[in-house]
Structure formats: C-alpha cells, structure tokens
Amino acid sequence: MNKSLGATGLILNEPLLWERGKKGRCGFSMPERDVDSFPLDGDILGEGPDFPDLSEVEVIRHYTRLSQWNFGVDTGMYPLGSCTMKYNPKVNERHAALPGFASAHPLLPPVLSQGILELMFELEKYLAEITGMDAVTLQPAAGAHGELTGMLLIYAYHKKMGSLRSKIIVPDTAHGTNPASAALCGFRPVPVKSNEKGVLSPEAIREVMDEETAGIMITNPNTLGLFEENIREIAEIVHAKGGIVYGDGANMNAVMGIVDMGKIGFDIMHLNLHKTFSTPHGGGGPGSGPVCVKSHIEPFLPAPRVIEKKGKFFLSDEFPESIGKVHTFYGNFGVMVKAYSYIRTMGPSLKRASQLAVLNANYIKETLKGTYDLPYDRPCMHECVFSDRLQEPHKVTTLDIAKRLMDYGFHPPTIYFPLVVHGAIMIEPTETESKEDIDRFVEALKAIAKEAAENRELLLKAPHNCRVTRLDETTAARKPCLTG
Ligand SMILES: *Cc1c(COP(=O)(O)O)cnc(C)c1O
C-alpha cells in the first residue's frame with residue numbers, strides 16, 4: 001500500500017498535531033480590536049499550555065483522517081459473534097438526542113418529567129411483552145450488570161423463602177460473565193457440560209441440581225448459536241427442587257416475537273439493549289441490560305420503579321422487599337429512548353428481523369461448510385461456529401484467518417470463543433447485511449482457506465493492508481507503550 005501523504009484517500013501515517021503545528025498559525029481570525037486593552041489583575045492566567053498552532057483545515061483533516069481509521073457497522077460488515085453488531089437506524093439516535101430527552105436532569109420532579117417517565121413505563125411493558133415476562137427493571141447498565149442484578153434477585157427470593165442456597169449451575173457454553181456474576185454475588189458456580197449436540201441434556205442437570213442450588217444460568221440460544229431444545233424439561237427439574245431459572249437473553253436477536261421466554265421456563269432474564277435494540281455495541285458508550293422477571297420475583301426488583309396512577313407517572317420507593325438501587329438515578333436513559341424508538345418503528349417486524357438474522361447465519365453455515373470445519377452440523381440460530389481443524393494440516397490457525405480477513409476489508413469474527421470449540425470462529429452476520437455483502441464475506445473466507453493451503457506465509461504475516469500489521473500481542477500486553 002502506498003503510504004505517502006495525500007497519495008491515497010486513506011492516510012494511515014497521520015502525525016500528531018504537535019508534529020504538524022507551525023508557530024503563529026491560527027485557527028480563526030477575529031476582527032481588529034476597537035477598544036483599549038487592559039491587563040488582568042495579577043497573573044491569573046499564567047503560562048498557557050503548549051498547544052500547537054494550527055489552521056482550521058489542518059485540525060479538521062487531522063480528526064477526519066483519524067475517524068477513517070475506525071471500522072464500524074457504518075463502514076462494513078462486522079460479523080462478531082455473540083455481539084450482534086447490527087446496523088442501528090439513525091432515526092433512533094436522533095430521537096434520543098431530542099433536547100427534551102437529552103437535556104433532562106435526573107432530579108427533575110415528576111411533574112416536569114411526565115414524558116420521560118411514560119417512555120420508561122411503556123418500554124418496560126414492551127420488553128415484558130417481547131420476552132413473555134411480567135415486570136421489568138431498566139436500571140442495569142449492561143448485560144453483566146443485569147446478571148448481577150438477577151443473582152441479587154435470586155438471593156432475595158431464597159432468603160424470603162427461608163432457604164439460603166450456595167450454588168448456581170452454569171453450562172460450559174456460558175459467556176464468561178455468567179460464572180463471574182454468580183461468584184460476585186457469593187454463589188459458587190457449578191459447571192455442567194453440554195452434550196454432543198451442543199446443548200444441555202436434562203440428565204446432566206438432574207445430576208447436579210439439589211436443594212443447595214439456588215438456580216441455573218442458561219443462555220438461549222446458547223453461545224454455539226444453538227437453541228436449548230430441552231429447556232422446558234431442564235426448567236422443570238430446577239423448579240422441582242425449588243431453584244430459579246435465570247436466562248441470559250443477550251442472544252434475543254434470534255428469537256424476537258418467536259420464543260416466549262416466560263413459557264419456556266425462565267423466571268428472570270436480562271436483555272442487552274446495546275445488542276438487540278438499536279444501540280451500537282462495543283463503541284465504548286453506555287449500554288443497558290434490563291432485567292425481566294415473572295411475578296413471583298417482581299417484589300424484589302430494584303427501586304425506585306416507575307408507577308402509574310390515574311394517567312400520571314411517578315417514581316416510587318414503596319417496595320419494601322426491593323433489593324434497592326443498582327445504578328445511579330434510573331439507568332442509562334438515552335439507550336432506553338433508542339430501544340423505545342426502535343421497538344415502536346419496527347412493531348411486529350421485530351419477528352422478521354429475527355427470522356432474517358437466523359436465515360443469514362444459516363446461509364453462511366451452509367456455504368462455508370466443508371471449507372471450514374463445522375463441529376455442530378445442525379440448523380443454527382443467529383450465529384454459527386466453525387473451527388480451524390481443516391486448516392491445521394497447513395499449520396494455519398484461527399488467529400491467522402481472522403487477521404487475514406482484515407485485508408479483505410472485514411472485521412474479524414469472534415475467535416476462540418465459545419471455549420467448548422477448539423480454535424472457534426464464531427460468525428454472526430445479523431439481519432442487516434444484504435445477500436451481496438454476505439456473499440463477499442463468504443468469498444473472502446473461501447479465498448483465505450485457499451491461501452492457507454497454497455501460500456501459508458501470506459497468512460502468518462497478515463494483515464498487510466492495515467495501519468499496523470501483525471502485532472506482538474504478548475509484548476503489547478506485558479510492556480504496553482502508551483505514548484503512541
Ligand atoms: C454480550 C453478552 C453478555 C454480556 O453483556 P455486556 O453488556 O457486555 O456485559 C452476556 N452474555 C452473553 C451471551 C453475551 O453475548
């Protein structure tokens with residue numbers, strides 16, 4: 001790639017502003033002063049910081065170029081499995097930015113925040129309907145935070161029932177946050193293996209479920225992208241021993257309007273608004289992980305809660321069994337507005353979004369099968385998991401394949417997760433990709449498999465076309481260079 005300045009649209013060697021500045025250059029010109037100047041009292045300003053002197057256009061170009069180094073769903077397909085990196089319609093951002101929402105102070109009295117409270121009240125209702133649960137809290141700020149809230153709810157429930165239980169069952173396909181959340185709340189996570197079909201078998205749960213077990217955390221669809229087909233039977237086993245079924249609903253993008261999570265046996269579940277409901281995931285911004293519960297868990301939900309009385313909305317702390325607040329004020333409101341706007345604009349088409357997400361993943365699974373090893377060869381939900389087993393004879397690994405994809409203009413998929421698949425390559429296309437883009441992605445992965453067989457060296461040093469090529473990740477982690 002030509003790295004000389006100005007020779008290509010994408011300039012990858014952008015100097016620091018300090019290296020670019022020239023003394024005396026100015027970003028704006030003010031009219032000549034027509035009043036006398038007066039010295040300020042004493043030297044209150046002191047020496048200013050040593051900012052570089054730049055013209056306006058230099059600053060604009062600098063930041064615009066830096067912005068072009070970003071890869072995001074707005075620039076291309078981002079097939080990061082378990083993350084639902086789908087395109088989020090801009091109209092939802094626009095609604096969240098309306099001054100009445102964006103500038104509202106969280107200490108406004110209810111009389112001045114009726115619209116905001118109503119939006120939260122209605123969003124809770126929508127999320128309850130979409131999941132098939134009875135009540136919702138919008139406070140948690142992320143999926144993992146929802147899990148922790150869920151664990152606190154389980155603890156409060158058992159405490160009320162007079163049985164203090166110490167263990168939580170967590171399948172081996174679980175997201176790492178699941179055992180961490182259970183442990184953070186003082187429970188001991190008990191691992192359980194999924195079967196040869198990639199799902200949990202009732203027998204495995206029957207073996208570990210006892211009266212010291214507070215419940216199970218189960219992701220459905222699971223992180224292999226497979227629907228836990230024995231979920232009802234498993235829920236019955238857990239309930240029969242007095243346990244609670246916690247559903248990790250981060251993968252809701254596969255089943256909106258299709259699966260009633262309440263009916264399949266979940267007592268508590270979280271959603272990731274920043275995956276499924278129109279907030280970009282992973283951009284470093286705020287998230288939201290609402291927790292939805294059945295009525296027997298509702299008394300313990302975090303307070304304050306939004307309530308309605310005679311068409312007016314209030315925040316109420318009158319929930320004596322509540323576990324209390326889990327977030328400052330009421331959670332990340334801007335994310336709620338985007339979810340509300342998304343749900344209202346989509347309506348019943350949410351189901352179609354899930355159907356297309358599942359179709360796209362199955363299309364990728366079928367077209368790449370044979371080129372890449374598919375350890376669980378069965379219909380998948382919104383994502384599919386391959387491995388590098390077929391590339392092993394050429395001594396090419398998942399990491400090499402992922403790095404090479406960048407040269408083809410794609411963000412790599414999730415790699416080496418879930419842990420149950422050795423060298424996992426986990427692809428989630430989402431519903432927002434066109435068939436043409438998915439075909440280009442499939443072609444790229446096929447070309448890479450060919451390169452693996454014929455030109456291994458090319459892959460080992462990839463990426464070649466990025467700002468930095470293959471990094472020494474160990475040294476980068478052990479001896480980070482933070483000055484650029
Ligand atoms: C993303 C994810 C989580 C964690 O959500 P965060 O918002 O990142 O904390 C938990 N479980 C699953 C299955 C996920 O995909």
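This is a predicted model: local features need pLDDT of at least 70, side-chain atom pairs count only at pLDDT 80 or more; totals for chains, interfaces and linings use all residues.

Colleague: Which side chains put a polar atom by a ligand oxygen, and at what distances?

Modeller: Asn272 has a side-chain N or O atom 3.1 Å from an oxygen atom of the ligand. For Ser82, a polar side-chain atom lies at 2.8 Å from a ligand oxygen. Both fall within the 3.5 Å cut-off for a polar contact, so the names are Asn272 at 3.1 Å and Ser82 at 2.8 Å.

Colleague: How much of the ligand's area does the protein bury?

Modeller: On its own, the ligand exposes 380 Å². Of that, the protein buries 90%.

Colleague: Which element gives the largest share of the shell around the ligand?

Modeller: The shell has 13 residues, with Ser82, Gly143, Asp248, His274 and Lys275 the closest. The largest share, 3 residues, comes from α6.

Colleague: On to the largest nonpolar core: which element gives the most to it?

Modeller: That core has 54 residues, and Leu127, Ile205, Phe266 and Phe277 are those with the most contacts inside it. Elements supplying at least two residues include α8 (202-208), β4 (213-219) and α12 (349-368). The most, 9 residues, come from α5.

Colleague: And where does this core lie relative to the domains?

Modeller: Residues come from both domain 1 (104-346) and domain 2 (350-471). Therefore the core lies between domain 1 and domain 2.

Technical notes. Residues are numbered from 1 along each chain as its sequence is written. Side-chain values use heavy atoms; hydrogens and water are left out. A nonpolar core is a set of buried Ala, Val, Leu, Ile, Met, Phe, Trp, Tyr and Cys residues joined through side-chain atoms within 4.5 Å. Buried means under 20% relative accessible area, exposed over 50%, partly exposed in between (1.4 Å probe, protein chains only). Helices (H or I, at least four residues) and strands (E, at least two) are DSSP runs, numbered from the N terminus. Domain bounds come from an automatic or database domain assignment. A residue is near a molecule or strand if one of its heavy atoms lies within 4 Å of it. A polar contact is a pair of N or O atoms within 3.5 Å; within protein, one must be able to donate a hydrogen and the other to accept it, and residues adjacent in sequence count only if both atoms are side-chain atoms. Accessible areas come from the Shrake-Rupley method with a 1.4 Å probe; for residues, only the protein chains shown count as cover.
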